[in-house]
Amino acid sequence: MPELAEHLVAGLLGGQIAASRVQAGWDVMTADGTVQVRTLSNTDTDRWVNEHVVRSVAGVDRYALVILEDLTVSAVLVFPGDLTRVGTLLGKRHGDQAATLQLTRQDFIHLMADRAGAATAGVQIWTPSELQGETPS
């Protein structure tokens with residue numbers, strides 16, 4: 001699944017996958033810099049067993065998270081290197097908010113419901129319909 005996620009993100013951002021499969025740090029190179037790609041998978045759309053910590057990494061400009069629910073891509077989220085504005089948008093209170101974001105299902109729901117706020121915080125979002133080239137509603 002990670003390699004599929006890297007190809008998906010590279011296609012969305014117009015980037016190239018790193019030549020080395022074991023390279024540390026970033027997975028995709030774009031005209032705007034490097035992107036680390038990760039996946040978050042849950043078998044249920046109503047309840048997440050797994051959550052995710054988004055981490056800024058030295059030398060990496062953005063962090064992409066491909067979210068899978070019930071073995072289907074629910075969304076692709078691309079976070080900025082500095083996560084402070086995202087944490088503020090989500091009302092986070094944990095430490096080191098510039099470099100970490102503890103993403104829960106409720107946070108995911110919030111970002112999906114407030115796409116304008118997410119964009120202002122620097123988060124890019126693609127939904128399944130947008131991935132298929134359909135016009136978002």
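These questions and answers concern the salt bridges and the cavity of a predicted model.

Visitor: How many salt bridges does the structure hold?
Guide: Side chains of opposite charge can pair when their charged atoms come close. In this model R38 pairs with D27, D107 pairs with K92, and E130 meets R115. The number of salt bridges that the structure holds is three.

Visitor: How many residues apart in sequence are the parts tied together by R38 and D27?
Guide: The closest N and O atoms of R38 and D27 are 3.3 Å apart. R38 belongs to strand β3 (residues 33-42), whereas D27 sits in the loop between β1 (16-17) and β2 (28-30), so the pair ties together parts whose separation in sequence is eleven residues.

Visitor: Does E130 count as buried or exposed?
Guide: The side chain of E130 meets that of R115 in a salt bridge, at 3.0 Å from N to O. Buried means under 20% relative accessible area. Because the relative accessibility of E130 is 18%, this residue counts as buried.

Visitor: Which elements give two or more residues to the lining of the largest cavity?
Guide: The largest cavity, with a volume of about 40 Å³, has a lining that includes V54, R55, R62, Y63, F79 and P80. By kind, the lining residues divide into seven nonpolar, two polar and three charged. The elements that contribute two or more residues to this lining are β4 (52-55), β5 (62-69) and β6 (72-80).

Terms used. Residues are numbered from 1 along each chain as its sequence is written. This is a predicted model: local features need pLDDT of at least 70, side-chain atom pairs count only at pLDDT 80 or more; totals for chains, interfaces and linings use all residues. Side-chain values use heavy atoms; hydrogens and water are left out. On a 1 Å grid over the protein atoms alone, a cavity is a set of points where a 1.4 Å probe fits but cannot get out, and a pocket is an open set with protein on both sides within 12 Å along at least five of seven lines; lining residues have an atom within 4 Å of a point. Grid points are joined across faces, edges and corners, and a volume is the space filled by probe spheres set on the points. Helices (H or I, at least four residues) and strands (E, at least two) are DSSP runs, numbered from the N terminus. Ala, Val, Leu, Ile, Met, Phe, Trp, Tyr, Cys and Pro count as nonpolar, Asp, Glu, Lys and Arg as charged, and the others, Gly among them, as polar. A salt bridge is a side-chain nitrogen of Lys or Arg within 4 Å of a carboxyl oxygen of Asp or Glu. Buried means under 20% relative accessible area, exposed over 50%, partly exposed in between (1.4 Å probe, protein chains only).
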